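Here are some reading notes for you to follow with the structure open. Please check each point on the model as you go.

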Amino acid sequence: MFLISLKRIAKSGWKGFRRQGGLSFATIFIMVLTISLATSMFLAQKTSQFLVASLKEKVDMYIYFKQELSSDDILIVKDELSKMPEVKEVLYVSREEALDKFTERHKEDEAIMDSLEELGRNPLLASLNIKAWEATQYAAISSFITDSPFNDLVAKVDYQQKKSAIDKIFSLTDSINMAGIVFSIGFALVAILVAFNTVRLAIYNAREEIETMRLVGAANWFIRGPFLFQGILAGLFAVAVTMLIFGIGLYFLGPHLAILIPGFNIFSYFIGNILLILLIQLVAGVGLGVISSWIAIRKYLKA
Amino acid sequence: MISFQNITKVYKSGISPISALEDVSFEINQGEFVSIVGRSGAGKTTLFKLFLAEEKPTSGQIFYEGQDVHKIKSEQLPYFRRRIGAVFQDYKLLGTKTVHENVAYIMEVMGATEREINKDVTKVLEITGLAERANNFPEELSGGERQRAAIARALIHRPDIILADEPTGNLDPFHTKEIIKLLDTINQMGTTVLLATHNKDIINTLKKRVVTLEQGRIIRDEERGKFAL
């Protein structure tokens, strides 16, 4: 009995879905928009996380040492700094390496090259390039150096100069996160309401049929079943369509986005996380379809 | 079997309340064929709606086999309604289902097998002259065909009671005669029939019990009644 009923509910749901093609198409269309939004929010969040991480990666600090110091002295300082928990990486840049980099960077600029030649010696200082785990930790590292005995060896700490840039990155990432959250919540609410209303209209259309079904003696679950099944179908179709759109769209968008955010291929990310994305879409699509149908039909099933 | 006890129904819509039924009391025995006659607005349809528990009376009670139908719990209500085959004045066919599916619906609800459903539906559609229309949708049918589809749906599950609200309103004399004959045959097999109509010829040829309503009140209740308003 239960299996027969289940089969009948599914069959009736499928027939209704097919026969009211226009309405089903409209519902799927709205759901595609909603699921696309959910997927976009997920991908945008991952992209911004990658962007923030790569920006933070670019933040570093330099400690320049007085000219007379030998490389051994500097390496002792390097070892000390490496022991700090805040420090991720310390690189020693000798005076020669610094000169090589400087010449490489400015070889097109004749004025600089001429004045360097006229000087007749290497004016650059040896340095330690420090990368912290977190951008907030540079201040601590900087004050550690100022308070330590090696402060006498240090010519300058290139942190104050970069401080404003670091602060800017912080406020930028905070703003990106904040804006992301606000937009996500706003859009999600609008999308859910629109999808819910579409389903509600579809069921409103069927209110007289629901009433008749009750009058001839159908139990509430037998009436509700086909509508829920149609909600599931609309959700599944919408997920399939959205997957196709995103698959094709990101395949072509990927290389363009990689120019803006080097090292990030959104298509590879999409393919790599396809199961998670599918899960998000199924929860959004099928969940929305079923919950909307359930709530919308409840009104007409009250005795 | 069915007992209407002091039924009053007042609709409180618009400026002044409309009294559809006033202190209506009568009983119907099992296997009876009762015609309810009266002008439009006399309260015939309201009486049927109240019996189906589609609406609640303002006061009074309706008993079916000793059970107050308005006190049946909502989860039990479908089982009560399955014992009734109703032909609605406005047909109430399911627009997204074919004639075959409309007639089969109640059997599906009751859990009949596909074989039983197909056998019975084919038979009932033949009896009501709709075999050719089995795969059409209600909107593709004429008024008379819709009415016959509604009748087929009311009969299919062999209910204990048939409530027929103007079941011949849109039928030509030939089909009218056929449907009334069908209701009579079903009644002779033991089914209780309540027929609301204002077709004089039907009432006069039936020679069965007639309850006459006027402005919501019973003005006549005769064992072998005639049509008189």
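Where in chain B does Y91(B) lie?

1. Y91(B) is found in the loop between β6 and α3 (99-109) of chain B. Please keep in mind that this is a predicted model. The phi of Y91(B) is near 65°, a positive value in a residue other than glycine. Most residues other than glycine have a negative phi. Y91(B) has a relative accessible area of 12%, so Y91(B) is classed as buried, the limit being under 20%.

2. Q215(B) sits in the loop between β9 and β10 (217-222) of chain B.

3. Side chains of opposite charge can pair when their charged atoms come close. In one of these bridges, E214(B) meets R39(B), at 3.9 Å from N to O. E214(B) belongs to strand β9 (residues 209-214) of chain B, while R39(B) is in the loop between β3 (33-37) and α1 (44-51) of chain B, so the pair ties together parts that are 175 residues apart in sequence. E214(B) is partly exposed, with a relative accessible area of 33%.

4. A second bridge in chain B joins R158(B) and D120(B), whose closest N and O atoms are 3.2 Å apart. R158(B) is in the loop between α5 (143-155) and β7 (161-165) of chain B and D120(B) is in helix α4 (residues 114-127) of chain B, so this pair ties together parts that are 38 residues apart in sequence.

5. In chain A, E104(A) forms a salt bridge with K107(A), and the closest N and O atoms are 3.1 Å apart. E104(A) is exposed, with a relative accessible area of 52%. K107(A), at 47% relative accessibility, counts as partly exposed. Salt bridges also link K15(A), R19(A) and E101(B) in a network. Please find these three residues in the view, noting the chain letter of each.

6. What kind of charge gathers in the surface patch that includes E108(A) and D109(A)? The charge is negative, and the patch consists of E108(A), D109(A), E110(A), D114(A), E117(A) and E118(A). D109(A) lies in the loop between α4 (95-106) and α5 (110-119) of chain A. With a relative accessible area of 34%, D109(A) is partly exposed.

7. Chain A also has a nonpolar patch on its surface. L244(A), I248(A), Y251(A) and F252(A) form this patch, with about 470 Å² of accessible area together. F252(A) is in helix α9 (residues 220-260) of chain A. F252(A) is exposed at 56% relative accessibility, and Y251(A) is partly exposed at 49%.

8. W221(A) is partly exposed, with a relative accessible area of 43%, whereas F222(A) counts as buried at 5%. The rings of Y251(A) and F252(A), both in the nonpolar patch, have centres 5.2 Å apart and planes at 85°, so that pair is edge-to-face as well.

9. Ring pairs link F4(B), F26(B), F51(B), Y64(B) and F80(B) into a cluster. A pair of aromatic rings is described by the distance of the centres and the angle of the planes.

10. Finally, please look at R82(B). R82(B) is placed in the loop between α2 (77-81) and β6 (84-87) of chain B. Is R82(B) buried or exposed? R82(B) is buried, with a relative accessible area of 11%. From R82(B) to V37(B) there are 45 residues in sequence and 25 Å in space, taken from C-alpha to C-alpha.

Methods:
Residues numbered from 1 in each chain as written. Chains lettered and ligands numbered in written order. Predicted model: local features only at pLDDT ≥ 70, side-chain atom pairs only at ≥ 80, totals over all residues. Heavy atoms only, no water. Patch = residues over 30% accessible without salt bridge, like charges linked within 9 Å, V, L, I, M, F, W, Y side chains within 5 Å. Areas by Shrake-Rupley, 256 points an atom, 1.4 Å probe, with all protein chains shown as cover. Salt bridge = Lys/Arg side-chain N within 4 Å of Asp/Glu carboxyl O. Helix = DSSP H or I, 4+ residues; strand = E, 2+ residues; numbered from the N terminus. Lys, Arg positive; Asp, Glu negative; His and termini not counted. Charge placed at Lys NZ, Arg CZ, Asp CG, Glu CD. Buried < 20%, exposed > 50% of the residue type's maximum accessible area, 1.4 Å probe, protein only. Phe/Tyr/Trp six-rings, centres within 6.5 Å; stacked < 30°, edge-to-face > 60°.
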